[in-house]
Amino acid sequence: MKHPNKPHRIAGASARLNWDSPEVRAYSYQAIAILAVAFAVWFLVSNTLHNLAVRNIATGFGFLSKEAGFAIGESPIAYSPADNYRHAIVVGLLNTLRVAVIGVFLATILGTLIGIGRLSKNWLVAKITSVYVEVMRNVPLLLQLFFWYALITENMPGPRQAHNPLPGVFISNRGLKVPGLEGNSLDWMLAGLGLAIVTIIFLGHYGKKRHEATGHMFPLGRWAIALLIGLPFIGWLVSGASLTLDMPKLKGFNFSGGLTLSPEFAALLAGLVIYTSAFIAEVVRSGIQAVNNGQWEAAGSLGLPRAKVLRLVILPQALRVIIPPMTSQYLNLTKNSSLAVAIGYPDIVSVVNTTLNQTGQAIEGILIIMGAYLTVSLSISIFMNWYNKRIALVER
């Protein structure tokens, strides 16, 4: 005797496997897409490995431990041609990070000031900032880099005729020379500076909570100045006050001593900052305009000056609109730093290009560049997304 429910189970199973079911079609299309991608990756990898084997080209990253044999013009850490390729690539990555971090910091400040200037009631300020934005963001970045590099190297005098605007500061076609600090106290002072920055961040968080709870403003500005001066000074005292000023001096046809800002680094930094700040200015301007005009009127009715209204009322609300597109500009600046190879700055692209020309490991070199930029870009995105969630409005 047949069970009365058995036909219904078979009918239900056939219905679930029916192509007319949206769920069946959705899963089938996804499976087909995954198989197609997997086949494409397999084909590309196998075809590449076959072609490399036919041409007797070695694969792998074993070459990183071999001696590099080439010099790098600028290095934030100790490096010589006797070091291996891995060390050379680390130097290139640090050069990229240096220009990216400084560029993001300066572009944010300059772009914010220009964006606020575009909304100024002063006609001259508004027009000048508008012209700046329209010109700088419509001229290709590569042309700007060539312009700044030519301006520094071609129109500046040699070391013997260098401009000396301030004591110990020299501007020539060899770059910018400024006094440097030397001594055992320097590390202690930098540690004190880092501790001061961390403490200011915690005090800012505490001040915000206190303001929300009591309505009283925490004097963060005064505390910040005291910490930034006091903690490095304490580090200087604790370390025995061992610190000297290294002044640059002209010897022969160049300067010795002090700190050097090379023409390549200066041109790259100037181009990235000026170009990116024009886009950041538009982001800031649109973010401020997104705040309801009633916020200006309400804060003004309390007798607050316009500058304080902007700092305490408008910008905190505008940040929620500004942060997402600002993240894109930070990523663009970091990736645009790869144009440094055009003016001879030894970033990671330049160093890896030299490496692959010497070793023939083109695929591995390109993978290293892609991995480096992917890691840096994802790190920026993660941090900015975290900050964006932190300042988001919480619905009650």
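Q: What are the conventions for numbering and for side-chain values?
A: Residues are numbered from 1 along each chain as its sequence is written, and side-chain values use heavy atoms, with hydrogens and water left out. In this predicted model, local features need pLDDT of at least 70 and side-chain atom pairs count only at pLDDT 80 or more, while totals for chains, interfaces and linings use all residues.

Q: What is the mean pLDDT of the protein?
A: pLDDT is the predictor's confidence in each residue, from 0 to 100. The mean for this protein is 84, and 94% of its residues reach 70 or more. Over residues 7-15 the pLDDT is below 50, and beyond near neighbours in sequence this stretch has one contact in the model (contact means heavy atoms within 4.5 Å). Where pLDDT is low, the predicted coordinates should not be read in detail.

Q: At what angle do helix α3 and helix α8 pack?
A: Two packed helices are described by the angle between their axes and the distance between the axes. Axes are lines fitted to C-alpha atoms, for helices over the stretch in contact, and angles run from 0 to 180 degrees between N-to-C directions. Helices (H or I, at least four residues) are DSSP runs, numbered from the N terminus. Here α3 (residues 85-118) and α8 (residues 263-289) pack at about 40°, with axes 6 Å apart. That makes α3 oblique to α8; angles under 35 degrees count as roughly parallel, over 145 as roughly antiparallel, 65 to 115 as roughly perpendicular and the rest as oblique.

Q: Is the crossing of α3 and α8 left-handed or right-handed?
A: A crossing is left-handed if the near helix is turned anticlockwise from the far one by less than a right angle, and right-handed if clockwise. α3 passes α8 in a right-handed crossing. The residues of this contact divide into 16 nonpolar, seven polar and four charged. Ala, Val, Leu, Ile, Met, Phe, Trp, Tyr, Cys and Pro count as nonpolar, Asp, Glu, Lys and Arg as charged, and the others, Gly among them, as polar.

Q: Which residues make the contact of α3 with α10?
A: The axes of α3 and α10 come within 11 Å and cross at roughly 135°, which makes α3 oblique to α10. This crossing is right-handed. On α3 the contact is made by A100, G103, V104, A107, T108 and I116, and on α10 by L310, Y330, L333 and T334. By class, it has seven nonpolar, three polar and no charged residues.

Q: How does α3 run relative to α11, parallel or antiparallel?
A: α3 and α11 (residues 348-359) pack at about 155°, with axes 7 Å apart. That makes α3 roughly antiparallel to α11. Among the contact residues are Y85 and I89 of α3 and V351 and T355 of α11.

Q: Is V309 buried or exposed?
A: Buried means under 20% relative accessible area, exposed over 50%, partly exposed in between (1.4 Å probe, protein chains only). V309, in helix α10, counts as buried at 2% relative accessibility. Not counting residues up to four places away in sequence, V309 touches W296, A299, G300, L304 and I314.

Q: Which residues is T327 in contact with?
A: T327 lies in helix α10 and is buried, with a relative accessible area of 8%. Leaving aside neighbours within four places in sequence, T327 is in contact with S381 and M384.

Q: Where does P305 lie?
A: P305 is in the loop between α9 (293-301) and α10 (306-336). P305 is partly exposed, with a relative accessible area of 46%.

Methods: Helix = DSSP H or I, 4+ residues; strand = E, 2+ residues; numbered from the N terminus.
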